[in-house]
Amino acid sequence: MIDTSLSKKKDPDQPEISLPTLKSQRTKMGKSEDSEKKKKIKDVEISVPIVYGNAAFWLGKKASEYQSHRWTVYVRGATNEDLSVVVKRAVFQLHSSFNNPTRVVESAPFELSESGWGEFEIAITLFFHNDVCEKPLNLYHHLKLYPEDESGPMSTKKPVVVESYDEVVFTEPSESFLARVQNHPAVTFPRLPAGVTLPPSVSTEDESKKKRGDTKDHPLSQWFLNFSEADELLQLAAARQQVQAHIAKLRRQISLTDGQNQQFKPL
């Protein structure tokens, strides 16, 4: 597990931030059950860096006791790109005390806002487009409303922000999926095996829809955390794991060869 907790001087203009620990370094999605029906590209992985979390504003001393905070929970691209190229819809499961606690968001940005006073765990389920993956991804986020330093004064101007980073990895993606997202900034596109070519990508979305899903101009974007360093750490960790796996494989092969040589040694 990679811990990106950093020691920083407190800036009065910055939000109350609980710095993230990478709870899921790389979440590998299983292959679709009907994989035979789609042309798959073997030995290829495509990754989509995402961030999920919440931002909560205290509404001040005049606010109702049971409506003390206004908060937004969301799933966004790690660099605030539009995730709708991969994600079809998101389902947020709130506490049972809310009216209609199961909230379905059918288009980007994948978020919802509410008011309340209590902290609780929110289950988030992401459903992907048919050519991406049939199985949904389940995420869990603990809604945070109050700053870590409970003894300090609360502010209506600085939100409490808690975010987690995850890199969702799709193994052996379909050719149609690769062709569709090959130029999309939300996706980390792989190097294709020799001899593999893709048809030109064709955008089926109009420009206005793309802008709605992009969170770069989001009202909360000034408070979003920067995960570029975390992304680099994850890539290094993944590369190290691949090297270690290759070394282990070579050691097994050497051990097997030594064992065979022992069998043929003269007595």
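Visitor: Which strand is Arg103 found in?
Guide: This is a predicted model, where local features need pLDDT of at least 70, side-chain atom pairs count only at pLDDT 80 or more, and totals for chains, interfaces and linings use all residues. Residues are numbered from 1 along each chain as its sequence is written, and side-chain values use heavy atoms, with hydrogens and water left out. Strands here are DSSP runs (E, at least two residues), numbered from the N terminus. Look at residues 102–105 and you'll find Arg103 in strand S6.

Visitor: Is Arg103 buried or exposed?
Guide: Buried means under 20% relative accessible area, exposed over 50%, and partly exposed in between (1.4 Å probe, protein chains only). Arg103 has a relative accessible area of 17%, so Arg103 is buried.

Visitor: Which side chain makes a polar contact with the side chain of Arg103?
Guide: A polar contact is a pair of N or O atoms within 3.5 Å; within protein, one must be able to donate a hydrogen and the other to accept it, and residues adjacent in sequence count only if both atoms are side-chain atoms. At 2.9 Å, the partner of the Arg103 side chain is that of Glu114.

Visitor: How many bridges join strand S4 to S7?
Guide: Two strands pair if DSSP finds at least two bridges between them. Strand S4 (residues 69–77) and S7 run antiparallel, with Val73 standing opposite Leu112 in S7. The number of bridges joining S4 to S7 is seven.

Visitor: What is the mean pLDDT of the chain?
Guide: pLDDT is the predictor's confidence in each residue, from 0 to 100. Here 73% of residues reach 70 or more, and the chain's mean pLDDT is 80.

Definitions and conventions. Helix = DSSP H or I, 4+ residues; strand = E, 2+ residues; numbered from the N terminus.
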